[in-house]
Amino acid sequence: MRKAIVVGASSGIGKEVAILLAEKGYKVGITARRKDLLDKLSDANKNFVARAFDCTKVNNNEELNALTSALGGVDLVFISAGIGHLNRSLDYALEDETNQLNVVAFTEIAGWAYNYFKTEGTGQLVAITSLAGLRGGRAAPAYNASKAYQISYLEALRQRITKDKSNITITDIRAGFIDTGMAKGKGLFWVAPLPKAAQLIVKGILSKRTVLYVTKRWRIIAILFKILPRFVYDNM
């Protein structure tokens with residue numbers, strides 16, 4: 001039986017992906033802050049092993065080692081935990097909360113997964129980044145910047161793997177708008193239903209995609225973001 005860890009599994013994308021992986025025969029370690037939600041999931045499915053912790057306030061290496069031990073190993077680590085605030089006032093507390101989860105905790109978890117898989121000789125690290133990481137955004141500065149960091153960090157790990165000829169897969173899920181609590185603001189478009197998005201993500205995981213846009217139409221926006229001149233973008 002293959003084993004996976006889903007970080008941020010209590011709701012949203014993480015929860016849906018964890019359920020789909022379990023349906024496909026994975027034994028899944030589920031983590032999040034809210035123990036009651038994790039317990040509800042694990043009570044309903046014998047393929048779940050729950051361990052509640054706040055990844056911004058603990059030693060993630062210790063927590064992940066304990067969960068991996070309970071699973072009997074791990075083949076896939078999926079980082080779904082993330083946060084973002086509309087923050088036009090640049091309230092530092094909101095920016096800091098975003099960075100603590102999307103940058104600091106992300107780095108610790110991604111680094112742990114890479115080192116674990118390097119020792120084991122194989123594995124797959126998957127993370128939910130965002131189209132927002134391709135350019136800065138005035139409405140949520142730290143969120144856009146933190147997602148740019150994640151995209152760059154995953155690329156750096158992929159470069160290491162290529163150099164070392166390691167049998168590790170890095171999958172960057174660049175999500176557009178998905179119908180979860182993270183989809184904030186007015187005038188949202190191309191909002192994907194959560195079940196559809198989760199199905200596409202799992203399909204991308206199993207096919208070991210390097211970069212996956214969810215849904216694929218967001219690749220069009222990604223191309224536009226990359227080629228749009230700065231003087232135009234600055235005035236948007």
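Axes here are lines fitted to C-alpha atoms, for helices over the stretch in contact, and angles run from 0 to 180 degrees between N-to-C directions. Helices (H or I, at least four residues) and strands (E, at least two) are DSSP runs, numbered from the N terminus. The model is predicted: local features need pLDDT of at least 70, side-chain atom pairs count only at pLDDT 80 or more, and totals for chains, interfaces and linings use all residues. Residues are numbered from 1 along each chain as its sequence is written, and side-chain values use heavy atoms, without hydrogens and water.

Start with the helix pair. Helix α3 (residues 60-71) packs against helix α4 (residues 92-120) at about 45°, with the axes 9 Å apart. That makes α3 oblique to α4 (under 35 degrees is roughly parallel, over 145 roughly antiparallel, 65 to 115 roughly perpendicular, the rest oblique). From α3, the contact (heavy atoms within 4.5 Å) takes N60, N61, L64, N65 and T68; from α4, it takes A105, E108, I109, W112 and Y116.

Now the sheet. Seven strands form an open sheet with parallel pairing, in the order β3-β2-β1-β4-β5-β6-β7. Strands β3 (48-52) and β7 (211-214) are the edges; each has a single partner strand, so one side of each lacks a neighbour in the sheet. The twist averages 15° from one strand to the next. Two strands pair if DSSP finds at least two bridges between them. Strand β2 (residues 27-32) runs parallel to β3, joined by five bridges. Here T31 stands opposite R51 of β3.

Helix α5 (residues 141-164) packs on it, touching β5 (122-128), β6 (167-175) and β7. The direction of α5 makes about 160° with that of β6. Helix α7 (residues 218-227) lies across β6 and β7, at about 110° to β7.
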